[in-house]
Amino acid sequence: MSEQAMIGSVLVVGGGISGMQAALDLADSGYFVHLVEKTGAIGGAMPQYNKVFPTNDCAMCIISPKLVECGRHPNIDIMTLTTVIDINGGAGDFTVRVLEHPRYVDSAKCIACGQCSSRCPKSVDDSFNIFMAKRKAIYIKYPQAVPLKYQIDPQACIRLNEPEKCGICAEICPPGAIDFSDRGQERYLRVGAVVMALGFQPFDPGKTRAWGYGLYPNVVTSLQFERFLSPGGPTGGVLVRPSDRQPVQRIAFLQCIGSRDKNRCNNEYCSTVCCMYAIKEAMTVKEACPEVEVTIFYLDMRTPGKEFERYFEQARTERNIRFVRSRIHGVEPKGQKGDLRLHYINAHGRQVEETVDLVVLSVGLETPDAMVRLAEKIGIHMTPDRFASISAFMPVHTSLQGIFTCGAFNGPRDIPQSVIGGSAAAASVAALLNPVRHSLTRSLPPPPEQDVSRQEPRIGVFVCHCGTNIAGVVDVEEVAAYAATLPQVAHVARNLFTCSQDTQDLMVQQIREKRLNRIVVAACTPKTHEPLFRKTLKSAGINEYLIEMANIRNQNAWVHSQEPELATAKAKDLVRMAVAKVSGQTARKPLRISIAPSVLVIGGGVAGMTSALNLAEQGYQVYLIEKTQQLGGNALHLYQTWSGEHVPRFLRELREAVQQHPLIEVCYTSTIVAAGGHVGNFTSLIRTGTNRKRTIDHGAVIIATGAKRYIPEEFEYGKIPKVVASIEFDKLHMHNETRVANGKSFVFIQCVGSRNRQRPYCSKSCCTHSIQSAIKLKKEAPDRRIYILYREIRTYGQRERIYNQAREMGIVFINYEQHGPPRIRKADNNVLVEVWDHVLHRPLEIRADMVILAAAILANPEAVALATMFKLPLNRDGFFEEAHAKLRPVEFHVDGVFVAGLAHYPKPLEESISQALAAAAKAGRLLSRKEIALEPNIALVDPDRCDDCALCLGVCPYQAIKLAEYRDGEGVLRKTVTVDRILCKGCGICQGTCPKRGIDVAGFTTAQLEAQLDAALEAAAPAEEGRP
Amino acid sequence: MIYEAKVNELAEEFGVHRNTIRNWINSGILPAQEGPGRRYLIQWEDYRRLCDKYGRQPRLKPDSAAPGELPAASHSPVVPASTPVCLGAKAKDLDASPGLADICLTCGSCAGACPISGVDELDPRKIVRMAFLGLEDEVVASSWPWKCTLCGKCEAVCPMNVEIVQLLRRIRARCDRDKVPAAIRKGVVTCLERGNNLGIPKDDFLALAREMGEELARISCPGFVTPIDVRGTRLLVTVNSKQPFAEPDAMTWWWKIFHAAGESWTISSEYWEGINWGLHAGDYGAMRTMVKRIIDNIERLNCTALLLPECGHAYYATRYALERWFPESLQQFKIYSVFDLLLEYLHEGRIRLDPAGQTKLATFHDSCNYGRHSLKAFGHGYFEEARILTKACCKRYVDLVPDREENYCCGAGGGAWADPFGAERVFHGRIKARQISASGAKLVVTSCLNCRDQILYSLNREFNLHVEVQFLWELVANALVMPPAETREARRV
C-alpha cells in the first residue's frame, strides 16, 4: 500500500478499559479514533466493580478520569449503541459498515436533567446492577456514564410498543430531546486500522441448576456481589442477604464456576481472574466486618501476578479467610429461611457439611456469541476456547493484517493486562500508520485565558458526594452550606460525582456565569483527579493552577466512616483550609520545552528489542543498550511458547530486524553509568565494552533489564547429578543427552525457590514450562513415566489446555504443600523421590532417572543501580514498581521512563512482548507531542528577601539551585540564588531551609501555607458545640 | 478420654436419625454407656473408630478440647508411618482409556457429591486415583465397589467427565466371582440356570398368574384373562420375580392398566424375568444372555413391541444390551419404557386418571437409572414424564430438592439392597430421608423396586418418615377410571 493511500484514523471496537486505553494512546499519538461501543455508554465492565486490588481503589473513581478524557478528547469520536456489521479492505485502508441503533433521545439536545426518568412509569430490572435493582425504560447506564445522555430501552418502553400510549417523557423533556421516530442507521467509516477490544461476558451459572443460581436468592454471582459491596449498588454497599435483608454471617466463594469445566459448560480454559477477585471481595468483606466467616473453595489458587501471592498470604494469615482445596459440586437449600448447605471432602478426605448464609459463584469469562459471530464474519481466526487466535510473538495481531486485538477478547485477563493490551495495540497501529500520523487529527485551542490577577478572589466550591463514598458518611449539605459562609466564596455546588463529564460541563458554565476565579474541589485526591479539573479550568478560560482540592474522601470519609459527625466537622475544616489557600493562588505558566525525538532502551532481550523495533517503525531514533555481546536475553534459553511456537526462529528474525533497522543503534557490552535530565530531555552516560564513555541524549527511557534465574539450594541440587534445574534440563533434552535419552522415569518439582518466605511470589511461567517439557518427553516415548509435583498448577487462561493434554497422556500430577515438600535421596543409579499423595493420603515413592527443578525467576540485582539513577522505586522482591498496578502498568511516577518484561515481574514471552509494545506506545505518545509542558510548581526566589546565604544550595536534592552574580541598579556586584526551572521538582526543601523567606514553591508559598494553617486553627464556624 | 453426647447431638453430627444412633448403641456398633441427663458416655477410641468408619472429622481430640478441624499439617508425611506406595511401570487394565481416570483433576467434586464418601475410606476420587496409579488389586479387593450404589452422582458433577461409574463397573467385573456379594452372585446363577432370579418353577408361576388374573377379573376387570404366551400380540411384558415371590398383587397393577387401555399384550411362560443382576455383578456375559432371552421371546411370540423391564437397573441393562449387542433388533420391534407407555396411554386417551382419590402431598423420587444414567447413555432421562404422570394421579405435588439429574440415590442402588452392607446402605439413605422430610411429602412415588423397598421398609423405619411409597404404575392403577367394557373391546381391535 502506498503511503498516500493510508488513512490516518483508527476504528476501536469496544469501549471497555482496553479499548479506551487504545483510543487514548492513539488519539494522543496523532490518529483520529472512532470508538464504537454497543451499549449506551463507554466503560465496559469496570464501572460495575466495587474496588480493585491491590490499592483497594474504588474502581469507578479510577476509571472516571479516563472516561472523561475519552469523552472530551478532540480526536476521539465516541459512537454508542453502535455495532460493527462488516469490515472490508486491507491494512491502511478499511471500510467499516456500522449500525447506529436508535437512542430515541437526541444526544445534542439532552441535558441529562433526569426528569424523563423520574416520570417514566415503566420499571425494569437493571442489567448494570445484574438485575438486582430497577431502572426506568428511559435511563442512563450509570451515573457517571460517558456520554451522559439518556437512552430509551425499546423492549421496555410503553410508547415504542404501543404507539398510542404513554409518551410522558416527550411531553416533559425541557429541551424536547425525545424522538420516538428515531431509526437505526448504517454508516460507513474509512479507517487505516482496526482495534478489536470486544470484551467478555460473565458466565451464566443459571444454565445448570446445580449451583442453585436463579433458584435460591442467596446464591449470587461474583459480579452481583461486587454490586452488593459497591456504594452505588442496590444495597448502597451494605452487605445483606438478598432473601431477607439480614446481615451476612457466613459466606462461601465457589471457584471455577464456568471455567475448567467440560461437563456443565464447554469452557475448558481457566478464566485467570477469578481467584484474585474472590480474594479481593473476601478481603473487602473482612475489612468491613471482620467477624464474618469467609471461605473460598478452590481447586488451585491461581495468583501468579505481581503482588498477588502476598495478597493471598495476607488474606489467609492476617484476615483469617479460610481456603479449602475442594471443588464444591453443588449448592442445596437448608430449611426454609434461605440458608444454604454445602457438602464437601476436606483435605483429610473427611466429609464436611456446612451451612452458609450466602454463596458467591466465582463465574468465569467467555466471549459473547455475537462477538464470535462478528469475528467469524470478518475472518479473524478464533481458538477452540472462542477467543481471538493470536501468536505469542504478535500478541495484539489478529490473523488479518491491519486488524489488531486486545483485552479479554484475546483470552481471559485482568485489568492491567487489558490496559497493556490496549496500549500495545496502539503501538502496533502507530507503527503501521506512521506515514499518515497527524493527517486527520484536529486540535482545539483552549479559549483565551483571562487575567484574574487584579480581580478580587471569587471562589467556587464544588462539594462531591462521590456516590455514597463521601455522602454516606459526611453530611455534604451541611458542608456546602458552611462553605457558602466562608469569605470570598461566591458559589457553592454539590455534585453526585464531581469527576463525571456532565459536572465538568457544569463547572465550565458556572465559572463563566458566576465569574469565578478560584476553585476548590472538595472530593478525593489530587494525585488521580487534579489533572482532570485543571483541564476543566482551562476550558473555562481561567488559569489551570487556580485550583485547590480538599480531600474529604480518602483522608476523611473513608477513614472516619464510623464517626459521621466528626467527619462532617473535619470536612468543614478541610474546606475552610482549602479556601484560605486558594485565595492566594496565582496564575502560572508551564514551561514548554522541546523533546528529543529518541529513546534509550536498556536491555536487549525480547522486551527491549520489541520496544526498540516498534519505536523505530514509529519513526523515532532508538539506542538499544545491551550489556552482553548478543541480543536475545533470557529468551535464548527458550524453545517454544506455551502454544508450541518455535522461539529460536522468532528470536533470529527479531534480532535481524533490530540490527538492520536504520533508526536503531545497538550498543553491545554497554551499561549505563549515570543518568540525568528529565522527561523529554534525558542525558545518559554509557560505558561501552572498550571502556569508552559516551553520552546519549534521549527523550524517553524504556527499562527492559530482564531477570535472573535462581540457583537451587534444596532437593540435593548440585549433589546428585541427576537432579537438574529446568533450564539445564532443556539443554540436555535438546541434545538428547544420555540421561534424558535413556530415562524412563522423570520427576518435575515445581515452586523451587518461589512462593516461600524469602520470595513470596510466583514465578508465573514454570508450571507451563514443566508441563510442556513433560508432554515432549511423553510424546517421544509414551512408556516414560512422568510425575509433576506441584503446589498449585497455574496454567492460567488457555494454557489449561496443555494441562488437560498432559493428564490425558497419563502424566501424573501430585500435589504437595509447603510444609511437606518431597524428599529426595540417592539410591543406586537413580534418585528416590518420596512425596505424600494428596488424594490417597499415603506416601508415594518414585524411582526417578532424572529430577527436574522448576527454579524461580529472580529480580536482576543490577536493577538497584538503575533505580537509583532514574529515581525509580523497586518492590520488595527487587522488581521495578510501576506507577499504578491497574491503570499505569508500564509507567513510573517519574515521567518519561517506562518498564517492560521481566524487569517488571516474571512473565511468559507473550506478556513481555505485549508490555514492551505498551511501553513503546507510551514513549511514542510522549515523543509525538514534540514539546512538553513542565510543571511550573517550582521554587521561585524573592530577590528582595534573599540575602545570598546559599543555605539552600546544599539541601537541594536535584542540584537545581545555583549561586549567581549580578550587578544591581547601582552597578554593585551582588550574589543571588537562581533556580533551574527544568531541574527543580518543587519539593520545597529549600523553602523550609531558607531563614529569610526568600524562596517559595509556586502554589505552596509560605503565605499560602500560613493562611491554610491559620484557617485550620481558627475556631470553626457555628454548630460546633458538640465537638470534643 | 470420654466423649459425652446426647443421641440427637450424635445424630446431627453423623447426619443420621436418632433411631440410627440408638440402633448403633443397641447393637454394639457404638459402645456407649448411659450417663446423667440423657447423655451417653463414649470412650474416645470407640468414638474415633465410628468417626473413621463414617469419614467424619472427630469433634474432640485427645490433645485439645477445642472443636474444629485438625491442623493441616497432620497429613504431612512425618505423622503416619505407612509404607510408601512404589510407583512404577504397572499394567493398567482398569484404566484402559484416559477418560476413566487419567484426566482427573483431583478437584474433589465427586467425593463431595458422593453420599457415602469417607465411609470406610470409600471415596470416588480415591478409587479413580488408585486406578490411575496402578493400585488395581487393592481397589478390586476392597469392599468399596459393593458399598457404592453406582448412582453416578459423582460422574454427573465431574468437570472432566471422568467415567467413574464405568470404572466401578469394570472393577466389579474384575472381582473374583467368589468375592461378589452372595445374594447377587446367587441371583445371577439362579437366573441363568433356572430362568429367573428366585428360581420360581414354571408351573408355580403359571398357576399364580392364572389365579391372579381370575381374581382381577372378579374384582375390577370383568373378563380379564392373564395372557400367557399369546402369539401375535403387540406388547411383550416381563415380570419382576420378586413380585410373584413376595407380593403377587403387585403384578396386577400393570394388568389392570393394560386392561383399561385395551392393550394387546402377553407374558412369556418362560424367561419372563424382568430383573438383570448381570449389571450389578459386573457380569456382562450374563447380562447379555438374559436380554437375548427376551429377544427370543419376542420372536417366538411374534410381538411388535417390548415393555422394557420396570425396575430401574433392569430397564437400563436391557436397553444398554439391546443397543450394544443387538442393535438390529431395535429395527424389529419398538421399545417402551414404563414412562413412554403410560404417557402414550394417557395422551391417546386410552386411560383416564382421576386424582381425586389421592389427597396426600406427593413427590417423585427419580431413579438413578431412569434419570441421569439414562440421560447419559441413551440421551434421555425420564424426568418430566414422571412428573406429568404423578401429577395426573395426585392433587398435590412437591419436588424433592435437588432432583432430576442432581437427585440423590435412595441408598440401595447397584444391588445394595441385596448386599450385606446394611449399615452403609442406611447411612447412604440419610440424605434421601432428609430430602423427603424437608419436602413435607407424605407419598413418595418411584419407578424402581430397589428405591421403593429402601424408602418404604428401611428409611421409613430408620428415620421415622411415616411416608407411603408407591410405584408409579401402582399409583396409575389406583387412579384409573375404568371404562365400560364395550369401549375396551372396541379398542382391542
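**Notebook: two-chain predicted model**

I counted the secondary structure of chain A in this predicted model and got 26 helices and 52 strands. Helices (H or I, at least four residues) and strands (E, at least two) are DSSP runs, numbered from the N terminus.

Conventions, noted before going on. Residues are numbered from 1 along each chain as its sequence is written, while chains are lettered from A and ligands numbered from 1 in the order in which they are written. As this is a predicted model, local features need pLDDT of at least 70 and side-chain atom pairs count only at pLDDT 80 or more, whereas totals for chains, interfaces and linings use all residues.

**Confidence**

I looked up pLDDT, the predictor's confidence in each residue, from 0 to 100. Chain A averages 93, and 99% of its residues score at least 70. For chain B the mean is 89, with 94% of residues at 70 or more. Residues 64-80 of chain B are below 50, and this stretch has 21 contacts in the model beyond near neighbours in sequence. In chain A, pLDDT stays under 50 over residues 1023-1028, for which the model has three contacts beyond four places in sequence. Where pLDDT is low, the predicted coordinates should not be read in detail. For the complex, the predictor gives an ipTM of 0.88 and a pTM of 0.90.

**Overall form of chain A**

The C-alpha trace of chain A spans about 95 × 80 × 70 Å along its principal axes. Of the contacts in chain A with a separation of 6 or more, 72% are between residues 24 or more positions apart.

I then looked at burial: a residue is buried if 20 or more other C-beta atoms lie within 10 Å of its own, exposed if 12 or fewer, and partly exposed in between, with C-beta atoms placed from the backbone. Buried residues make up 54% of chain A.

**Cores**

A nonpolar core here is a set of buried Ala, Val, Leu, Ile, Met, Phe, Trp, Tyr and Cys residues joined through C-beta atoms within 7 Å. The largest has 462 residues, and those touching the most other members include A:Val194, A:Val851 and B:Val476. Helix 23 (residues 909-927) of chain A gives this core its largest share, eleven residues. A second, separate core of 15 residues includes A:Val941, A:Cys946, A:Ala960 and A:Cys984. I also listed contacts of A:Val851 outside four places in sequence; among them are A:Phe715, A:Val747, A:Ile824 and A:Val833.

**Interface**

I found 44 residues of chain B in contact with 44 residues of chain A. On the chain B side, strand 4 (85-87), helix 4 (109-113) and helix 5 (124-133) each supply at least two residues. By class, that side has 22 nonpolar, 14 polar and eight charged residues. Ala, Val, Leu, Ile, Met, Phe, Trp, Tyr, Cys and Pro count as nonpolar, Asp, Glu, Lys and Arg as charged, and the others, Gly among them, as polar.

Strands pair if DSSP finds at least two bridges between them. Strand 44 (residues 843-848) of chain A pairs with strand 4 of chain B in the parallel sense over three bridges. I noted B:Leu87 in strand 4 of chain B as the bridge partner of A:Ile846.

The peptide bond from A:Phe53 to A:Pro54 is cis, with omega near -10 degrees. A:Pro54 lies in the loop between strand 3 (51-52) and strand 4 (57-58) of chain A. In chain B, the bond from B:Val401 to B:Pro402 is cis, with omega near -10 degrees. B:Pro402 is in the loop between strand 10 (396-397) and helix 21 (422-439) of chain B.

B:Arg404 is also placed in the loop between strand 10 and helix 21. Its phi is near 50 degrees, a positive value in a residue other than glycine. B:Arg404 counts as partly exposed because it has 19 C-beta neighbours inside 10 Å. B:Leu150 has a positive phi, near 55 degrees, and lies in the loop between helix 7 (144-147) and helix 8 (153-157) of chain B. B:Leu150 is buried because 27 other C-beta atoms lie within 10 Å.

Note on methods: Contact = placed C-beta atoms within 7 Å.
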